[in-house]
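Here is a short tour of one protein model, written for someone who likes to know the cut-offs behind each term. Please have a look at the sequence and structure first, and then read on.

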Amino acid sequence: MAEKICVAVRLRPPVSQSQSQDQDTSSATFWRVEDNRISLHKLHGTPIPGISYAFDYVFDETCSNAKVYELLTKDVIHAAVDGFNGTAFAYGQTSSGKTFTMNGSPNDPGIIHRAVNDVFRKIQMISDREFLIRVSYMEIYNEEINDLFAVENQKLQIHESLERGIFVAGLREEIVNNADQVIKLLESGEVNRHFGETNMNARSSRSHTIFRMVIESKGIDSRSSGDYSSSDAIRVSVLNLVDLAGSERIAKTGAGGVRLKEGKYINKSLMVLGNVINKLSNGAKQRAHIPYRDSKLTRILQTALGGNAKTSIICTLAPEEVHVEETKGTLLFASRAKRITNCAQVNEILTDAALLKRQQLEIEELRRKLQGSRSEVLEQEILKLRNDMLKYELEREKLEMELEEERKSHKEREQCIRDQQLKIENLSSLVSDGDRSSSQDSMKESPKDECNYRGDDFKTPCFKAAGNAFVAKRSNNSQLPHFSPLPDSFSNVADEDTWFKMNKGYIADLDLLQTTPARKVQSFPPQDITPDCSNDNYKEELQNLKRQLELAIKEKNELERKHEEEIQLNGRLMGEIAELKQELDVNNNLLETSKERYGSLEREFQLLKEERDSLQKSVSESSQKLTFVTDQKENILKDLNSEVQRRKDLEAEIKQFSVAFASRQRSLASIHGEFKSKMEKLRAENPVPLHKSLQY
């Protein structure tokens with residue numbers, strides 16, 4: 001699906017609020033931001049006609065890096081995790097705030113730091129895919145590509161292949177597992193970057209930097225207990241975060257010496273980038289040849305600028321009036337970029353080109369199964385092993401490239417040697433023809449044949465018998481070719497430096513190229529020799545021929561000497577090729593050693609697995625016994641609790657009975673006392689009736 005490049009502009013805060021005393025305040029201007037539009041106004045607020053631009057987003061001086069990332073770049077980062085190629089870069093003049101936008105500060109991190117954290121945050125939220133991330137960091141300094149992770153990797157070359165597309169050969173890549181590792185690598189890379197001081201910036205970037213994240217992912221089949229699904233394709237996306245050096249004017253920066261040279265290369269690459277943007281903005285029908293090869297920056301970003309990628313551009317502006325012309329140029333660049341259309345799609349591959357598929361799936365299975373059993377130590381070992389494998393693969397690719405270049409040069413030298421041998425043979429045939437002509441001339445000088453010429457004294461030289469004879473004169477009937485012969489076909493890997501060497505540093509516009517016209521070969525007419533010519537003229541001509549013969553012999557000896565030197569050089573090159581093959585064998589042996597190390601780790605894992613199984617079995621049996629004992633204990637405790645409760649109930653009842661019994665006993669005692677007192681009283685009152693009653 002075709003979509004436009006997302007373009008935004010950001011106006012940095014002014015460096016100084018005070019105006020210079022000699023400035024004409026009547027002609028003073030300033031930039032005004034209104035919604036998504038920026039326009040140039042006069043000092044009293046009157047807009048200047050024709051200088052107003054609209055973009056996707058326009059950020060004023062108060063905007064933070066967090067807002068820029070959320071509105072402009074976040075969607076590109078999330079799309080990269082989902083399998084789309086993504087690119088974000090900052091463009092603008094020097095000291096306009098590009099590096100601050102991309103790298104930020106401790107209080108306000110830039111786009112790169114926020115993107116790294118956001119990538120790993122989003123990956124943690126995706127549970128149905130397994131991810132592998134590797135990062136690289138390069139700079140383009142004076143049109144030379146340097147590796148910021150490994151300072152020894154300098155002057156790297158750009159290559160292109162069907163599987164990997166456009167890539168930088170020999171660039172170091174690191175496999176990472178979290179954002180902290182990436183931040184540390186970025187900090188170590190920033191130390192190796194080129195900075196310098198100019199009149200406009202105390203710490204000016206003197207090179208373009210490209211931070212690249214390669215995100216590979218593969219779906220996990222839930223039906224296979226978390227194992228990889230062999231039928232799923234691998235997604236491979238490339239995320240480029242670019243911090244461009246700023247365009248500068250020598251009159252303002254005051255650059256000289258090394259800074260002047262750096263500024264020339266920076267302006268040249270940015271000019272090529274502007275030309276590419278200009279031609280891409282014309283549309284597919286009006287689009288001519290796109291000069292991506294004119295600069296290494298545009299060559300690396302070829303896919304991002306006009307191909308399969310989601311791209312966002314942030315153009316930074318300086319608000320000062322002295323930079324109005326540079327700001328207009330930046331806004332014009334942004335307006336042209338806004339018209340570019342890209343067709344981004346998910347990158348899925350089914351071949352072994354993905355590193356995630358080339359590395360053994362057993363390593364991932366080992367990492368998942370060792371949870372809780374030396375997992376942290378083995379996790380570090382696995383990460384180290386994967387980085388070693390990546391380094392070995394990069395070394396192998398580098399050696400293959402060097403071997404391919406040596407084969408090309410060896411083939412060219414062999415062709416040169418064959419051409420020299422052919423030339424030597426042609427000169428030898430000329431020498432033999434000269435000897436025959438001198439012998440005929442000596443016969444002509446004899447007195448008896450001085451003026452007698454017969455038909456059998458002269459014969460037409462037969463060049464067919466000489467094999468590769470040299471024809472000194474072109475026939476009048478032969479036709480010149482209409483164009484130069486085509487060169488030999490190139491291999492499937494195109495070398496950028498070879499392209500420049502073939503053109504001797506000249507960068508040509510392919511729209512203006514035409515076929516090379518044929519050379520006009522002028523043949524001199526033969527000199528007619530009549531029988532009555534004088535002996536003096538003939539002797540002089542003979543002396544000239546002898547001198548030419550001596551020169552030809554000297555040239556032949558010189559060519560033979562050069563041929564011997566080429567043979568010796570060829571021998572040395574064969575020795576170097578043999579050494580490279582030996583080094584390749586050593587790297588293969590190291591790879592085999594890594595595989596054996598992986599095998600030992602796998603055996604150790606099997607032992608740990610068996611030990612874990614036995615421990616789990618014993619733990620299971622102990623758990624069953626513990627469960628049984630626990631159940632018995634619970635039953636006994638229940639019975640004990642019930643008995644205790646019954647005892648408490650009985651004690652309570654006994655207490656109640658005792659209390660009731662005591663109360664009744666007291667009541668009976670009181671009743672008995674009352675009855676006894678009444679009886680005594682009755683006895684005292686009625687003793688006789690009592691006796692009578694007793695008598696009855």
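## Terms and source

The expected span of a helix is 1.5 Å times one less than its number of residues. Helices (H or I, at least four residues) and strands (E, at least two) are DSSP runs, numbered from the N terminus.

This is a predicted model, in which local features need pLDDT of at least 70 and side-chain atom pairs count only at pLDDT 80 or more, while totals for chains, interfaces and linings use all residues. Residues are numbered from 1 along each chain as its sequence is written, and side-chain values use heavy atoms, with hydrogens and water left out.

## The chain as a whole

The protein chain holds 15 helices and 19 strands. Of its 696 residues, 34% count as buried; buried means under 20% relative accessible area, exposed over 50%, and partly exposed in between (1.4 Å probe, protein chains only).

The chain exposes about 43100 Å², and carbon and sulfur atoms supply 52% of that; areas come from the Shrake-Rupley method with a 1.4 Å probe, and for residues only the protein chains shown count as cover. Take the contacts (heavy atoms within 4.5 Å) between residues at least 6 apart in sequence: 74% of them join residues at least 24 apart.

Helix 3 covers residues 111-125, and its 15 residues should span 21 Å at 1.5 Å a residue; the end C-alpha atoms are 21 Å apart, which agrees. Its buried residues include Ile111, Ala115, Val119 and Ile123. An α-helix has 3.6 residues a turn, so residues three or four places apart point the same way.

Thr73 sits in helix 1 (residues 65-81). Leaving aside residues up to four places away in sequence, Thr73 touches Val68, Ala88, Ile111 and Ser312. Why does Thr73 count as buried? Because its relative accessible area is 1%.

## A strand hairpin

Strand 10 (residues 157-161) and strand 11 pair in the antiparallel sense over five bridges; strands pair if DSSP finds at least two bridges between them. Three residues separate the two strands in this hairpin. Glu160 has Ile166 of strand 11 as its bridge partner.

Strand 11 (residues 165-169) is mostly covered, with four of its five residues buried.

## Leu640 in helix 14

Leu640 belongs to helix 14 (residues 535-685). Its relative accessible area is 48%, so Leu640 is partly exposed.
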